[in-house]
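Biologist: I have this one open on my screen. Can you walk me through it?

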Amino acid sequence: MKPSIQKFINTPLKIGNRVIPGRLILAPMAGLTHVAYRELLESYGGCSLMFTEMCSARSVPQENRYVSPVFRWRDEELPHLVCQIFGADPEIMATAAKRVEAEGFFGVDLNFGCSVAAICKKNCGAALLKTPDLAEKMVRDVRKAVSIPLSVKFRTGWEDRPDLPVELARRFESAGADALIFHPRVAPDRRTRPPKWAYIRHVKQAVSIPVFGNGEVFTPEDCEKMIETTGCDGISLGRIAIAKPWVFSQWRTGHAVEMEIYRKNMKQIFFLLNKHYEPIPAIRKFKKMAIYNASVFQFGHSFLKKITRAGDFSEIESAIDAFFDHSPALSARPNLNLFR
Ligand SMILES: Cc1cc2nc3c(=O)[nH]c(=O)nc-3n(C[C@H](O)[C@H](O)[C@H](O)COP(=O)(O)O)c2cc1C
């Protein structure tokens, strides 16, 4: 990575009334950015800001943090953990945000990007981009309810037009958002076509609050290119952060990693999942994460098949050892066929 970019990603950034130490943040991912993954990420030096999985605003006010699979955290991560909420009703979102603030999270993030049918059918996630007035009111009402940093994660909209995210970004800023995390894909596109990074530049130019670009940043070269071509204030890393949780500290410092880290990492995530969850959800979550771990290897698909078929931890451990004992070759970029 160029020294100028390395310096940039290590530069603190003000978000609302708080400051984060650098420019690389974690993207919220359902089923992936749970408390166990976040503990793993922190063991490699963490990142500038972490995000929970999306949490239902309806449930958050009465959720029990020791029982909920998603609204769960370790106290020590709260100063750099944002809780992402989704919902269809501004009042319910504002009430949920108040609980998030009362618990001591760094901030609250509104999910205006999820395009999964089950979420959009309830007028949540990216569905809100069809009704910009309602989305704007939601930002405004949450803003009135809390003083912690408020961010919005959103997509291009439901049509592929550069003016749509620009208009949305301006509305969110004027309604009181402190930062935007923008994934430049249209809502019905669930990560099939490449994201249009040029739209990030348009959004960045349209507002004065920090804009984080998101979408298919997998290598240090991608990171440089997104920063240089869009002028974004930071980058939100999604799937590559699951495949290589050390990616933040590696890019921040430029240090190389040993091959053995991949084997140890998979075993450690299994250990942490078992620490935080019951055995059956722990295995299910492990298998979901393994897709991303396998995707960065040239023969990751056959490795993944073995993991998928494994019934318990000893079979998973044998599959991991059998794969890594043969010094598997890494791919330059993740295999998107496994990855989506
Ligand atoms: C399995 C999975 C779950 C996701 N869940 C969420 C979510 O809960 N909230 C959200 O805003 N985005 C979610 N996303 C989208 C990511 O935050 C991110 O925008 C997307 O993966 C593109 O970034 P990447 O190319 O760096 O992975 C999810 C993505 C994946 C792959």
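Biologist: What does the domain assignment of the protein chain give?
Modeller: Keep in mind that this is a predicted model. The assignment gives domain 1, residues 3-253, and domain 2, residues 260-339.

Biologist: How many Å apart are the C-alpha centres of domain 1 and domain 2?
Modeller: Those centres lie 26 Å apart.

Biologist: And how many residues of each are in contact?
Modeller: On the domain 1 side there are 18 residues, and they are in contact with 20 residues of domain 2.

Biologist: Which helices supply at least two residues of the side of domain 1 that touches domain 2?
Modeller: Two are listed: α2, residues 35-43, and α9, residues 239-243. Helix α2 gives the most to that side, with 5 residues.

Biologist: What is that side made of, by class?
Modeller: The side of domain 1 that touches domain 2 has 12 nonpolar residues, 3 polar and 3 charged.

Biologist: Next, helix α11. Why does its end-to-end distance agree with what a helix should span?
Modeller: Helix α11 covers residues 260-276, which makes 17 residues. At 1.5 Å a residue they should span 24 Å, and the end C-alpha atoms are 25 Å apart, so the two agree.

Biologist: Which residues in α11 are buried?
Modeller: Y262, N265, M266, I269, F270, L272 and L273 are buried there. The elements covering them include α2, α12 (279-294) and α14 (313-324). Helix α2 is also the one that gives the most to the domain 1 side touching domain 2.

Biologist: Let me switch to α3. How many residues does it have, and how far does it reach?
Modeller: Helix α3, residues 90-103, has 14 residues. From its first C-alpha to its last it reaches 20 Å, close to the 20 Å expected at 1.5 Å a residue.

Biologist: What do its buried residues pack against?
Modeller: They pack against β5 (81-86), β6 (107-112) and α5 (132-145). The buried residues of α3 are P90, M93, A94, A96, A97, R99 and V100. Just after α3 comes G104, with a positive phi of about 100°.

Biologist: Which residue other than glycine has a positive phi near 60°?
Modeller: That is E216. E216 sits in the loop between β9 (211-214) and α8 (220-230).

Biologist: Why does E216 count as buried?
Modeller: E216 has 21 C-beta neighbours inside 10 Å, and the cut-off for buried is 20 or more, so E216 qualifies.

Biologist: And S327, is that buried or exposed?
Modeller: S327 is exposed, because 7 other C-beta atoms lie within 10 Å of its own and the limit for exposed is 12 or fewer. S327 also has a positive phi, near 40°, and its place is in the loop between α14 and α15 (336-339).

Biologist: Where does I200 lie?
Modeller: I200 lies in helix α7, residues 198-206. I200 is buried, with 26 other C-beta atoms within 10 Å.

Biologist: What is I200 in contact with, leaving aside its neighbours within four places in sequence?
Modeller: The contacts of I200 are F182, P184, V211, G213, T230 and C232. As for F218, 18 residues from I200 along the chain, the two C-alpha atoms are separated by 17 Å.

Biologist: Last topic, the ligand. Which residues come nearest?
Modeller: Of the 21 residues around the ligand, A27, A30, M54, G238 and R239 come nearest. The shell around the ligand divides into 9 nonpolar, 8 polar and 4 charged residues.

Notes:
Residues numbered from 1 in each chain as written. Predicted model: local features only at pLDDT ≥ 70, side-chain atom pairs only at ≥ 80, totals over all residues. Near = placed C-beta within 6 Å. Nonpolar A, V, L, I, M, F, W, Y, C, P; charged D, E, K, R; others polar. Domains from an automatic or database assignment. Contact = placed C-beta atoms within 7 Å. Helix = DSSP H or I, 4+ residues; strand = E, 2+ residues; numbered from the N terminus. Expected span 1.5 Å × (residues − 1).
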